[in-house]
Amino acid sequence: MTADEKAIRDVVDLWMSASKKGDVATVLDLMTEDVIFMVPGHAPFGKSAFREAAEANKQMRVEGHAEVLEVEVLGNRAWLRNRLEITVTPPDGEAKHRSGHTLTILRRDEDGRWRLMRDANLVV
(Lines give C-alpha, C1' and ligand atoms only; values in the text may rest on other atoms or scores of the structure.)
Protein backbone atom coordinates (compact mmCIF):
# COMPACT_ATOMS: atom_id res chain seq x y z
CA MET A 1 0.00 0.00 0.00
CA THR A 2 1.38 3.43 -0.93
CA ALA A 3 1.55 6.39 1.48
CA ASP A 4 -1.26 8.10 -0.49
CA GLU A 5 -3.51 5.03 -0.28
CA LYS A 6 -2.90 4.84 3.47
CA ALA A 7 -3.62 8.57 3.88
CA ILE A 8 -6.90 8.14 2.01
CA ARG A 9 -7.91 5.17 4.15
CA ASP A 10 -7.06 7.30 7.19
CA VAL A 11 -9.47 9.97 5.89
CA VAL A 12 -12.25 7.36 5.83
CA ASP A 13 -11.38 6.16 9.36
CA LEU A 14 -11.26 9.72 10.71
CA TRP A 15 -14.62 10.55 9.05
CA MET A 16 -16.22 7.52 10.69
CA SER A 17 -14.76 8.20 14.15
CA ALA A 18 -15.61 11.92 14.02
CA SER A 19 -19.17 11.09 12.91
CA LYS A 20 -19.53 8.72 15.85
CA LYS A 21 -18.40 11.48 18.23
CA GLY A 22 -20.65 14.11 16.61
CA ASP A 23 -17.51 16.10 15.71
CA VAL A 24 -18.93 18.11 12.82
CA ALA A 25 -15.88 20.41 12.60
CA THR A 26 -13.53 17.50 11.91
CA VAL A 27 -15.86 16.03 9.28
CA LEU A 28 -16.14 19.42 7.55
CA ASP A 29 -12.34 19.73 7.52
CA LEU A 30 -12.17 16.47 5.54
CA MET A 31 -14.03 18.14 2.63
CA THR A 32 -12.95 20.59 -0.03
CA GLU A 33 -14.83 23.90 -0.07
CA ASP A 34 -16.40 22.93 -3.41
CA VAL A 35 -17.48 19.42 -2.33
CA ILE A 36 -20.63 17.99 -3.91
CA PHE A 37 -22.65 15.14 -2.40
CA MET A 38 -25.10 13.04 -4.39
CA VAL A 39 -27.55 10.92 -2.42
CA PRO A 40 -30.71 9.06 -3.45
CA GLY A 41 -33.86 11.17 -3.53
CA HIS A 42 -32.16 14.58 -3.21
CA ALA A 43 -30.59 17.14 -5.50
CA PRO A 44 -26.79 17.40 -5.22
CA PHE A 45 -25.69 19.59 -2.32
CA GLY A 46 -22.52 21.16 -1.00
CA LYS A 47 -20.63 21.83 2.20
CA SER A 48 -22.99 24.44 3.68
CA ALA A 49 -26.03 22.16 3.28
CA PHE A 50 -24.03 19.29 4.80
CA ARG A 51 -23.04 21.53 7.74
CA GLU A 52 -26.66 22.60 8.34
CA ALA A 53 -27.93 19.01 8.28
CA ALA A 54 -25.12 17.79 10.54
CA GLU A 55 -25.69 20.55 13.08
CA ALA A 56 -29.45 19.93 13.04
CA ASN A 57 -28.86 16.22 13.71
CA LYS A 58 -26.08 16.45 16.31
CA GLN A 59 -28.30 14.76 18.90
CA MET A 60 -28.39 11.60 16.78
CA ARG A 61 -26.09 8.74 17.76
CA VAL A 62 -24.21 7.39 14.75
CA GLU A 63 -22.51 3.99 14.70
CA GLY A 64 -21.00 2.54 11.61
CA HIS A 65 -18.33 0.76 9.69
CA ALA A 66 -16.70 1.61 6.37
CA GLU A 67 -14.99 -1.05 4.31
CA VAL A 68 -12.74 0.45 1.65
CA LEU A 69 -12.97 -1.84 -1.36
CA GLU A 70 -10.79 0.03 -3.86
CA VAL A 71 -8.49 3.04 -3.92
CA GLU A 72 -6.91 4.47 -7.05
CA VAL A 73 -4.54 7.45 -6.91
CA LEU A 74 -4.03 9.53 -10.06
CA GLY A 75 -1.69 12.41 -9.22
CA ASN A 76 -3.52 14.91 -6.99
CA ARG A 77 -6.85 13.17 -7.51
CA ALA A 78 -7.99 9.80 -6.25
CA TRP A 79 -11.15 7.76 -6.07
CA LEU A 80 -12.33 5.17 -3.66
CA ARG A 81 -15.15 2.68 -3.53
CA ASN A 82 -16.56 1.96 -0.10
CA ARG A 83 -19.20 -0.20 1.55
CA LEU A 84 -20.91 1.47 4.50
CA GLU A 85 -22.97 0.04 7.34
CA ILE A 86 -24.56 2.84 9.41
CA THR A 87 -27.00 2.85 12.32
CA VAL A 88 -28.51 6.19 13.34
CA THR A 89 -30.44 6.46 16.59
CA PRO A 90 -32.36 9.58 17.63
CA PRO A 91 -32.34 10.38 21.38
CA ASP A 92 -35.92 9.19 21.86
CA GLY A 93 -36.46 7.02 18.83
CA GLU A 94 -35.83 3.75 17.12
CA ALA A 95 -32.48 2.95 15.49
CA LYS A 96 -32.41 3.02 11.68
CA HIS A 97 -29.92 0.84 9.86
CA ARG A 98 -28.62 1.81 6.44
CA SER A 99 -26.09 0.16 4.16
CA GLY A 100 -24.74 0.56 0.68
CA HIS A 101 -21.85 1.73 -1.42
CA THR A 102 -20.17 5.04 -2.13
CA LEU A 103 -17.97 6.25 -4.93
CA THR A 104 -15.82 9.14 -3.73
CA ILE A 105 -13.38 11.42 -5.52
CA LEU A 106 -10.71 13.05 -3.39
CA ARG A 107 -8.26 15.85 -4.06
CA ARG A 108 -4.87 16.40 -2.47
CA ASP A 109 -4.99 20.08 -1.49
CA GLU A 110 -2.07 22.52 -1.35
CA ASP A 111 -1.46 21.56 2.30
CA GLY A 112 -0.84 17.96 1.16
CA ARG A 113 -3.99 16.58 2.79
CA TRP A 114 -6.51 14.42 0.96
CA ARG A 115 -10.09 15.75 1.14
CA LEU A 116 -13.44 14.63 -0.28
CA MET A 117 -14.34 16.53 -3.42
CA ARG A 118 -17.27 14.52 -4.82
CA ASP A 119 -19.28 11.77 -3.16
CA ALA A 120 -21.96 9.56 -4.68
CA ASN A 121 -23.57 7.84 -1.69
CA LEU A 122 -25.90 4.94 -2.45
CA VAL A 123 -26.64 4.15 1.21
CA VAL A 124 -30.36 3.50 1.67
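Biologist: How do the residues of the lining of the largest pocket divide into nonpolar, polar and charged?

Modeller: This is a predicted model, where local features need pLDDT of at least 70, side-chain atom pairs count only at pLDDT 80 or more, and totals for chains, interfaces and linings use all residues. Residues are numbered from 1 along each chain as its sequence is written, and side-chain values use heavy atoms, with hydrogens and water left out. Ala, Val, Leu, Ile, Met, Phe, Trp, Tyr, Cys and Pro count as nonpolar, Asp, Glu, Lys and Arg as charged, and the others, Gly among them, as polar. On that basis the lining has seven charged, ten polar and 25 nonpolar residues.

Biologist: Is F37 buried or exposed?

Modeller: Buried means under 20% relative accessible area, exposed over 50%, and partly exposed in between (1.4 Å probe, protein chains only). F37 has 4% relative accessibility, so F37 counts as buried.

Biologist: Which class does F45 fall in?

Modeller: The relative accessibility of F45 is 24%. Because of that value, F45 counts as partly exposed.

Biologist: What is the relative accessible area of F50?

Modeller: F50 is one of the residues that lie nearest the centre of the largest pocket. F50 counts as buried, because its relative accessible area is 18%.

How values were computed:
On a 1 Å grid over the protein atoms alone, a cavity is a set of points where a 1.4 Å probe fits but cannot get out, and a pocket is an open set with protein on both sides within 12 Å along at least five of seven lines; lining residues have an atom within 4 Å of a point.
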